[in-house]
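Morning, everyone. Please have the structure open on your screens.

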Amino acid sequence: MSDAETLDGMSTVEVRTSATAALIPTIRAVASDLAARADFDLDAISDLRMAVDEACATLVDAADPTSVLQCRFLVRPERIRVHAEVEAAKADTVLSTDTFGWRVLQTLADDVEVLHDAGGEGRRATVGIRLDKSAGDVPR
Amino acid sequence: MSDAAAPDPFGTGLPLDTQVSRPRPGTVLLAVDGEIDTLTAARLQAGLDEAVDASQADGSGVVVDLSGVTFLASSGLAVLIGGARRLADLGSRLRLVAASRAVTRPLQVTGADALFDIHDDVASAVAEATGAGASAGDKQAAPGSRPSHTAAMPPGVAPPPGEVGR
């Protein structure tokens, strides 16, 4: 685990693992650690840890077996943005959002978005999830 | 130490221990320790199936002690909800011992807590399960209708029947 690097004055942490469910505990532990250090309240820490787990589990299901799971945490004042991405199993792979897990993810995060990139010109297709979580309860 | 037969030390996920016991007549207790996620949920499912099967022999109450659980993902919630539905069909409710935030927060934020009888400690859960087991028929299981715990429930997060256990 590298230390946070500074981009545009922001703390950014990136974790890259094989896209396997067995390594998601490592990623959610990082999420939990960052939220705690960013003074998130205890519920928000728990929610972010669970949201990152859901997002990563969804992506691993859709990933090419040889893919990397790349998870980037942008730690801002009062909130953390997470951008997770894998190389898709197929060019037309679409993340399923009609699941219990996806509804839980939507509930846990303040905002969540699916990102598809069909690739081309030598780039492989990717699927990703972006989610935002604030440090404490915000009205939704 | 040589261990050439184990190619991937993380392959099966984190440890999740489940143990079924009968702390007293009329109650089956499933104790769970570890992190429940997409990889380990199957072990929770196996333990819960064993506990519910054992309870059916004599109409015992079922208590799942989650005191030792340090993470609970939606995959684990789905297993617990499936167990609650199975017991509801038998006219009973699933009792959970959930004291730590790692368990209570996921239950609360998804609204799933309305589907269970939630206790702070094993003793009170076992006492109530044993009492209810003798009169299992007179307790109408009505998921979603309990007034307590549901104030923070976002509507519609708990899955409809048939969606869990996928």
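First, a term. Two residues count as in contact when their C-beta atoms, placed from the backbone, lie within 7 Å. Keep in mind that this is a predicted model.

Now the interface. How many residues of chain B are in contact with chain A? The number is 23, and they meet 19 residues of chain A. Which elements of chain B give two or more residues to that side? Helix H2 (74-89) and helix H3 (101-110) of chain B do. H3(B) gives the largest share, six residues. By residue type, the side of chain B that touches chain A has twelve nonpolar, six polar and five charged residues.

Next, chain B as a whole. Chain B has four helices and five strands. Read from the N terminus, the order is β-β-α-β-α-β-α-β-α. Chain B has 166 residues, and 45% of them are buried. Take the contacts in chain B with a separation of 6 or more: 76% of those join residues 24 or more positions apart.

Look at helix H3, residues 100-108 of chain A. Is this helix mostly covered or mostly open? Mostly covered: seven of its nine residues are buried. Those are A:Phe100, A:Gly101, A:Arg103, A:Val104, A:Leu105, A:Thr107 and A:Leu108. What do the buried residues of H3(A) pack against? Within chain A, helix H2 (42-62) and strand E5 (111-117). From chain B, H2 and H3.

Conventions:
Residues numbered from 1 in each chain as written. Chains lettered and ligands numbered in written order. Predicted model: local features only at pLDDT ≥ 70, side-chain atom pairs only at ≥ 80, totals over all residues. Nonpolar A, V, L, I, M, F, W, Y, C, P; charged D, E, K, R; others polar. Buried ≥ 20, exposed ≤ 12 C-beta atoms within 10 Å, placed from the backbone.
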